[in-house]
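Open the model in your viewer and keep the sequence beside it. The tour below goes from one selection to the next and says what is found at each.

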Amino acid sequence: MPRSSSRRAPPASPSPASSPGVAFPDFDDALRALQQVAGVQLAPDALKALQERYLDEAKTLWNSALQQQAPAAPKDRRFAAPAWGQTPGSAFMAQLYLLNARTLTAMADAMQGNAKAKARIQFAVQQWVDAMAPSNFLALNPEAQQLAADTQGASLGKGLQHLWADLRKGSISQTDEAAFEVGRNVATTAGSVVFENDYFQLLEYAPLTKDVHALPFLLVPPSINKYYILDLQPENSLIRYAVEQGHRTFVLSWRNPDASCAHWTWDEVIEGAPLTAIRVVQEITGADKINALGFCVGGTILATALAVLAARGEHPVASLTLLTTLLDFSNTGVLDIFVDEASVQLREATLGNPARPALLKGSELAQTFSFLRPNDLVWNYVVGNYLKGEAPPAFDLLYWNGDSTNMAGPMYCWYLRHTYLQDELKQPGKLTVCGEPVDLGAIHAPVFVYGSREDHIVPWEAAYASTQLLRGPTRFVLGASGHIAGVINPASKGKRSHWVGGNQHPADAKAWLAQATEKPGSWWGEWAAWLAGHAGKKLAAPKSQGSRKHRPLQPAPGSYVKQKA
């Protein structure tokens with residue numbers, strides 16, 4: 001059994017070749033590999049500067065190793081354990097890896113030419129750099145070796161058990177899944193299923209106030225995730241917060257498609273889900289107007305549905321809230337590297353063929369999003385679960401993240417081509433959905449647009465671009481943090497901050513930010529005050545959910561949300 005590196009004599013003068021995975025790079029080989037992608041090149045002067053800087057830093061590192069002096073501990077959490085700094089060899093290996101990683105990343109960043117090709121190089125280099133960290137390998141990880149020695153191999157035995165369980169499951173465990181159950185300790189806000197069809201169940205929540213606003217409130221979550229990201233725990237539930245604010249609240253809970261749903265098209269889903277949900281909410285409440293919120297892809301779906309209704313001469317929403325939503329797809333962030341004509345055609349052939357439609361598996365979507373943040377969502381768990389034999393802790397957000405959903409192939413392919421690839425949704429009349437020309441500018445409603453400043457899925461500038469497409473009175477608010485943490489930021493916690501501006505929304509998002517005011521705490525309060533102004537007078541809260549026509553079918557959260565991919 002390997003012993004802790006702290007119990008071994010310091011190695012003789014280490015050489016780069018003796019450390020697998022961390023040898024000094026060959027600049028010519030690296031450059032040739034990077035420039036194999038058509039349309040990019042690295043200027044000779046930039047390459048020379050990188051080489052000189054690398055050699056200077058490598059010389060300093062090498063001299064400290066020859067003198068048996070441990071380099072300074074790396075400021076990187078992967079190498080934060082004391083074992084990494086207890087011998088010159090381990091510290092040298094970590095520092096050499098970080099030097100190589102910085103250099104390769106700088107080479108990718110210095111590439112000139114086609115923007116998409118450069119982005120793909122940067123992404124590929126980052127994936128390779130993160131995968132090759134010495135912390136990911138038992139033979140190079142002194143912390144895992146020390147733990148194995150201290151436990152007499154028990155940690156390795158547990159790691160193998162975790163690896164086997166994950167191989168059988170088909171995914172890396174990110175949390176203790178046995179600790180959570182939908183309806184028991186996540187998605188617990190009380191309510192009832194008041195309608196269902198093949199596409200969704202409609203949930204209505206029990207009021208928490210004596211009076212409610214006259215206009216009901218409908219939330220449309222993304223179809224690529226389960227709705228309960230908006231209802232994880234009572235203290236961070238946006239759904240419960242809306243109910244506490246006196247809104248008669250409804251949520252569209254998507255069905256998790258199985259093989260029988262593989263033929264669903266974009267038009268069928270728009271007609272069968274958001275358009276139907278709006279009509280049913282109106283029938284249950286007797287209200288001509290409702291307030292509506294769309295989150296991420298749910299916002300894209302909701303806005304499309306409202307444009308269809310506008311083309312039919314119907315304007316059922318008194319207000320529209322869009323959270324981290326893309327309507328203008330000219331800036332799709334890191335996801336853009338996955339989309340081009342060839343990749344879309346491949347998807348259309350394999351998933352969207354009307355004669356042989358197929359599902360886009362939820363596991364594929366989950367893996368793609370995990371590798372957008374590989375150190376946090378992949379390698380962190382490889383090291384913890386397998387090398388150290390540690391069971392991942394219980395974390396509700398990661399439980400939700402792993403509760404994946406499928407997508408019908410034809411629906412997905414339509415969405416991929418007409419939004420991400422061809423960016424046609426923003427073009428008035430360019431697309432026809434449910435037999436109607438789509439014009440987002442025809443939606444007659446005040447709009448609250450929210451973006452998260454560190455969002456890597458919907459860049460905040462792209463969320464802001466919706467202010468240029470929707471013609472009703474518009475309010476934009478920018479929150480701190482990322483795609484999920486920025487949205488799920490309860491007002492009661494007083495965390496992070498948000499930015500608010502005036503009623504003017506220049507075309508340049510950065511010009512808006514330059515005149516915006518930063519405020520401490522969550523954006524929820526800003527939104528709640530805005531929504532209350534569009535929700536009508538107060539009425540006595542209903543004593544039960546549903547109506548005579550739409551009677552409760554089962555308690556919330558319903559059965560659709562419990563279906564596994």
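Start by selecting cysteine 296: its relative accessibility is 9%, so this residue counts as buried, the cut-off being under 20%. The model is a predicted one. Cysteine 296 sits in the loop that connects strand E8 (290-295) with H10. Its phi is near 60°, which is a positive value in a residue other than glycine.

Next, select arginine 496, in the loop between E15 and strand E16 (497-500). Here too phi is near 60°, positive although the residue is not glycine. Arginine 496 has a relative accessible area of 38% and is therefore partly exposed.

Move to strand E15 (residues 474-479) and pick out arginine 475. Is arginine 475 buried or exposed? Its relative accessibility is 18%, so arginine 475 counts as buried. Leaving out residues up to four places away in sequence, arginine 475 touches Val447, Phe448, Val449, Val500, His505, Glu526 and Trp530.

Show Phe217, Tyr241, Phe448, Tyr450, Trp523, Trp524, Trp527 and Trp530 together: ring pairs link them into a cluster. The structure holds 24 aromatic pairs. One of them is formed by tryptophan 523 and tryptophan 524, edge-to-face, with 6.5 Å from centre to centre and 80° between the planes. Both tryptophan 523 and tryptophan 524 are buried. For a charge over a ring, select arginine 453, which lies over the face of tryptophan 499 at 4.8 Å from the ring centre.

Now display the largest nonpolar core, which has 125 residues; Leu202, Tyr228 and Trp527 touch the most other members. Helix H10 (residues 297-311) contributes the most to this core, with 9 residues. A second, separate core has 23 residues, among them Val40, Ala81, Leu104 and Ile121.

Return to tyrosine 228. Beyond its neighbours within four places in sequence, tyrosine 228 is in contact with Val182, Val186, Ala187, Tyr399, Trp400, Asp403 and Val561.

Then select helix H2 (residues 44-66) and helix H3 (residues 88-110). How do they pack? Their axes are 11 Å apart, at an angle of about 175°, so H2 and H3 are roughly antiparallel to each other. Residues of H2 that meet H3 include Leu47, Tyr54 and Trp62, and on the H3 side the residues include Phe92, Leu99 and Met107.

End at proline 557, in the segment after strand E19 (554-555). The peptide bond from alanine 556 to proline 557 is cis, with omega near 15°.

Key: Residues numbered from 1 in each chain as written. Predicted model: local features only at pLDDT ≥ 70, side-chain atom pairs only at ≥ 80, totals over all residues. Heavy atoms only, no water. Core = buried A, V, L, I, M, F, W, Y, C linked by side-chain atoms within 4.5 Å. Buried < 20%, exposed > 50% of the residue type's maximum accessible area, 1.4 Å probe, protein only. Helix = DSSP H or I, 4+ residues; strand = E, 2+ residues; numbered from the N terminus. Contact = heavy atoms within 4.5 Å. Phe/Tyr/Trp six-rings, centres within 6.5 Å; stacked < 30°, edge-to-face > 60°. Lys NZ or Arg CZ within 6 Å of the ring centre and 35° of its normal. Axes fitted to C-alpha atoms, helices over the stretch in contact; angles between N-to-C directions. Parallel < 35°, antiparallel > 145°, perpendicular 65-115°, else oblique.
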